[in-house]
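Please look over the structure shown here before reading the points that follow.

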Amino acid sequence: MVDIRIPIGLMFSILGVLITVFGFVTMSNADMYQRSLNINVNIIMGILMLIFGAIMLYFSFRKKKA
Amino acid sequence: MRLELSWIDYLIMVIYFIFVLGIGWFLRKYMKNANAFLEAGRSIPAWVAGVAFISTNLGALEVMGMTGSGMKYGMLTTHFYWIGAIPAMIFLALFMMPFYYGSKARSVPEFLKLRYDEKTRGLNAILFALMTILASGISMYAMAILMEKVLGWDFNLSLWVSALIVLCYTYLGGLSSAIYNEVLQFFIIVIGLLPIVFLSLKDVGGWTGLKDSLAPIATANGYAPDTLTTTWKYAGEASSNPLGVEWFGILFGLGFVLSFGYWCTNFLIVQRAFAAESKAAARKVPLIGALPKMFIPFLIIIPGIIALVLMNDPAKGFILPMDAGGKPIYDYTIIMLLKQYLPAGVLGLGITALLASFMSGMAGNVSAFNTVWTYDIYQSYIRKRTKDETADDKHYLNVGRIATVFGVLLSIAAAYIASKFGNLMDFLQTIFSMINAPLFAVIFLGMFWKRTTGHAAFTGLLSGFLMALLHHGLTVPAGATTLVKGGWLGNVHTYPVEMAQNFWTAIIAFTVATTVTVVLTILTRQKKSDEELKGLVYALTPRTLDEPGLKWYERPVGLAILVGVICVILSILFW
């Protein structure tokens, strides 16, 4: 059957890149990040998701080679 | 309470749904027979089934309800996890899964048929089918009404569109598709809610800041200052904690009857373990699910407790919406926290997480419904198996597919009934929640006492259920305004809170079911031979060791000890 790690890895990588880029584009918008206690949560969460997605893809890739 | 979403939030939502539908599309070619469609071909790896197992339980109503409970009861809400789930999950894995999986039963009702008789199966199958449709309808209604209030989406449109998405991926990929999407949903919920945990905790000054701010709130309500940040410390008396239940009620009512009834017999949950690829994998499924389950309180209960602090500090500008009676709607706590802390981008992620959990709740219910309908109702009473196996298989696959369509349509109908007669649906749900405790009594006795007879089990099931109804009809929680909460036959006893009434209803149902089953077993004759009961009853099943050569953490017992130790440590840390 399909390895579920591939769609999970792909989806979180795509969303991670999207949200990170969005975080950098909106970095100068202080008003927007006031509610998140002046922390740019988009960059942080985006990078976290990208790492998670990459780990998922890495594991499914490693399994295929074995 | 309107929330403004921007284009990026919608884009995140769209990407998620493309993946959800994509999974169904890729799985469609594997759906060649009824077994693949309704049981995922018993080929799901343990970790996938384990995550799905816990994800099925982590529906939106659970997330919203537990955050609201965190606000009402503080850390005492963790009793629903560390005592109210983990012990039952360990028990299911070690002691019940070998019989469930080994019996080759395709559903819990079918296990009842193999162990007892046709009438016990029929009773359970019909009640279960009704309950899943109802649960799925109520959850869809809650979703549509939430989206209408928070995002301004049209009620009918969000109901039909989300039902259509669910229908597409469960029709295409059956149980496999539901399970795979539950895994996807689990990760999106965790990642989507993570930012609120950190931001809200930072906002109130970390755990110590939270404890300091909660002390005056607890004292003002007549409790000891640290009541809201401890779990067992004030469980000595019902009146000294906001839960309104003392240690016996928590331990026996929640920790034993309610939780064993839910985790060990609810087919919706157990079906995920039935789909595992081997007996050893099936035993590991609840344990793998238990690992994240223990930490979910930090994700959803802690933000709820923090919301209580925010509400008591006008400078934060945090308010909960009120219902028609002027009471705060606690269930909306999580949404209001999303609104409070998240900017565009991660906000879309949070909303997607909630939407995802509503829809996977519906998918889970529909996939359990079509299995029970096809195997336990249709194949048993409407069209039995013939000699031609290939033709049969095709036929039952089609029946399963049609049942999926009907399951979704009936859920939509239930959602509309809920929108017109909310009280009626609450009442029905309360009633159906009463079938779990007697069911656990009957299955437990069946697995561990070979003498237990079919007549006894059937009568035990029915009488436990009727006594629970009677108890609900004769008792009232303090301050109840409608008969939905109980007392529709009179008022013999008033409970301080609704929670206490629920616990005692379950305790009574379980005790009556056990007593009746035991007494009638002694009075009736066992019709099943020892040979027939092999693999279904503990004493008649040869004990096999797990596959040799496994490392300790790959064995169910090793994993169970690990889970148990972590759970005890958590309980002591937050005692």
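**Notes on the predicted model**

1. The buried residues of H1(B) pack against H1 of chain A as well as helix H9 (155–203) and helix H16 (346–382) of chain B. Those buried residues are B:Ile8, B:Asp9, B:Ile12, B:Tyr16, B:Val20, B:Ile23, B:Gly24 and B:Leu27. Buried means that 20 or more other C-beta atoms, placed from the backbone, lie within 10 Å of the residue's own. Helices (H or I, at least four residues) are DSSP runs numbered from the N terminus.

2. This is a predicted model, in which local features need pLDDT of at least 70 and side-chain atom pairs count only at pLDDT 80 or more, while totals for chains, interfaces and linings use all residues. Residues are numbered from 1 along each chain as its sequence is written, and chains are lettered from A and ligands numbered from 1 in the order in which they are written.

3. Between the chains, 20 residues of chain A are in contact with 28 residues of chain B (contact: C-beta atoms, placed from the backbone, within 7 Å). On the chain A side, helix H1 (5–25) and helix H2 (41–65) each give two or more residues. H1(A) gives the most, with eight residues.

4. Chain B is divided into domain 1 (7–420 + 545–573) and domain 2 (421–541), with bounds from an automatic or database domain assignment. Their centres, taken over C-alpha atoms, are separated by 23 Å.

How values were computed:
Contact = placed C-beta atoms within 7 Å. Buried ≥ 20, exposed ≤ 12 C-beta atoms within 10 Å, placed from the backbone.
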